[in-house]
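Here is a briefing on one protein chain. Look at the structure first, then work through the points by topic.

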Amino acid sequence: MGAAVIKVLVVHDTRLLRQALAILLCREHDLEVHTASWSDAVTGLVSWQPQVCVLDVDAPEHAAPMSQLALLAEHAAERKCGLLMLASPSRPGLLYRVSQARAMGYVSKGEPCEALLGAIRHVAQGEQFVDTSLGWDFLQAARVPLTERELSVLSLASQGASVAEIAGDLHLTHGTVRNYLSAITRKTGARNRVDAIRISQKAGWV
């Protein structure tokens with residue numbers, strides 16, 4: 001009797017990349033693969049009922065879709081679907097943020113395809129899988145220098161929001177926002193607000 005087929009959903013906003021990854025995975029006799037953009041991810045998960053959902057939340061053309069990830073994670077938990085994150089090395093902030101989704105697996109994008117295949121099969125069996133090459137990044141992720149409120153302020157600032165706009169969105173005074181921005185600059189070791197945004201984006205904090 002052959003091995004049971006594992007249903008895998010690949011979620012990525014770049015169509016060419018998700019289709020290329022699907023073609024690569026479909027070469028394996030025990031994998032059946034579908035793909036979806038982030039806007040269609042929940043629909044794909046609910047309708048197709050995969051055992052493993054492979055996610056790339058670090059798409060270069062936009063910020064990581066954290067709100068969509070939270071919704072997808074909720075539906076995945078209800079359907080016993082394991083989340084498997086594709087992680088960029090040296091971006092501990094992103095690992096920190098996606099850890100809230102309680103993914104069962106993490107694979108570095110710098111590793112060969114065999115690592116991803118092994119991770120998919122582990123997660124399909126209900127086993128956790130963490131790429132050993134991401135060990136240092138997870139250690140750094142546990143040392144996030146900013147509070148949740150500071151991350152919220154910084155996220156809005158990185159999108160070009162003014163002090164007044166940040167204050168309005170987060171229901172804070174202008175002085176409080178300036179204090180947060182000063183603390184963020186100090187904690188990240190930045191020269192100024194723009195430098196703090198650059199440092200934080202490189203690390204994946206925002």
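Contact here means heavy atoms within 4.5 Å. On that basis, and leaving aside neighbours within four places in sequence, Asp56 is in contact with Val11, His12, Trp38, Leu86 and Lys109. The model is predicted.

**The Asp56 site**

- UniProt lists Asp56 for "modified residue: 4-aspartylphosphate", in an unreviewed entry. That annotation may be inferred rather than shown by experiment.
- Is Asp56 buried or exposed? Its relative accessible area is 6% and the limit for buried is under 20%, so Asp56 is buried.
- One of the contacts of Asp56 is with His12. The two side chains make a polar contact at 3.0 Å.

**Helix H1 against helix H5**

- Two packed helices are described by the angle between their axes and the distance between the axes.
- For H1 (residues 15-25) and H5, the angle is about 75 degrees and the axes are 11 Å apart.
- Angles of 65 to 115 degrees count as roughly perpendicular, so H1 and H5 fall in that class.
- H1 brings Leu21, Leu24 and Leu25 to the contact, while H5 brings Cys113, Leu116, Leu117 and Ile120.
- By class, this contact of H1 with H5 holds 7 nonpolar residues, no polar and no charged ones.
- Arg15 also belongs to helix H1. With a relative accessible area of 56%, against a limit of over 50%, Arg15 is therefore exposed.
- From Arg15 to Val153 the C-alpha distance is 32 Å, and the two are 138 residues apart in sequence.

**Helix H7 against helix H10**

- How do the axes of H7 and H10 cross? They come within 10 Å and cross at roughly 105 degrees.
- H7 and H10 are therefore roughly perpendicular to each other.
- On the H7 side, the contact has Leu154, Ala157 and Ser158. On the H10 side, it has Ile197, Ser200 and Gln201.
- The residues of this contact of H7 with H10 divide into 3 nonpolar, 3 polar and no charged.

- Which residues of H10 (residues 193-203) are buried? They include Asp195, Ala196, Ile197, Ser200 and Ala203.
- At the start of H10, a side-chain oxygen of Asn192 comes to within 3.2 Å of the backbone nitrogen of Val194.

**Positive phi in loops**

- Gln49 is not a glycine, yet its phi is positive, at about 55 degrees.
- Gln49 lies in the loop between helix H2 (41-48) and E3. Its relative accessibility is 39%, so Gln49 counts as partly exposed.
- His171 is another residue other than glycine with a positive phi, near 60 degrees.
- His171 is in the loop between helix H8 (163-170) and H9. Why does His171 count as exposed? Its relative accessible area is 72%, and exposed means over 50%.

**Two further loop positions**

- Gln128 lies in the loop between helix H5 (113-124) and strand E6 (129-130). At 65% relative accessibility, Gln128 counts as exposed.
- Gln128 and Met104 are 24 residues apart in sequence, but 4.8 Å apart in space, C-alpha to C-alpha.
- Val144 is in the loop between helix H6 (135-141) and H7.
- Leaving aside neighbours within four places in sequence, Val144 is in contact with Tyr96 and Trp205.
- Val144 and Lys187 are 43 residues apart in sequence and 9.9 Å apart in space, C-alpha to C-alpha.

How values were computed:
Residues are numbered from 1 along each chain as its sequence is written. This is a predicted model: local features need pLDDT of at least 70, side-chain atom pairs count only at pLDDT 80 or more; totals for chains, interfaces and linings use all residues. Side-chain values use heavy atoms; hydrogens and water are left out. Helices (H or I, at least four residues) and strands (E, at least two) are DSSP runs, numbered from the N terminus. Buried means under 20% relative accessible area, exposed over 50%, partly exposed in between (1.4 Å probe, protein chains only). Axes are lines fitted to C-alpha atoms, for helices over the stretch in contact, and angles run from 0 to 180 degrees between N-to-C directions. Angles under 35 degrees count as roughly parallel, over 145 as roughly antiparallel, 65 to 115 as roughly perpendicular and the rest as oblique. Ala, Val, Leu, Ile, Met, Phe, Trp, Tyr, Cys and Pro count as nonpolar, Asp, Glu, Lys and Arg as charged, and the others, Gly among them, as polar. A polar contact is a pair of N or O atoms within 3.5 Å; within protein, one must be able to donate a hydrogen and the other to accept it, and residues adjacent in sequence count only if both atoms are side-chain atoms.
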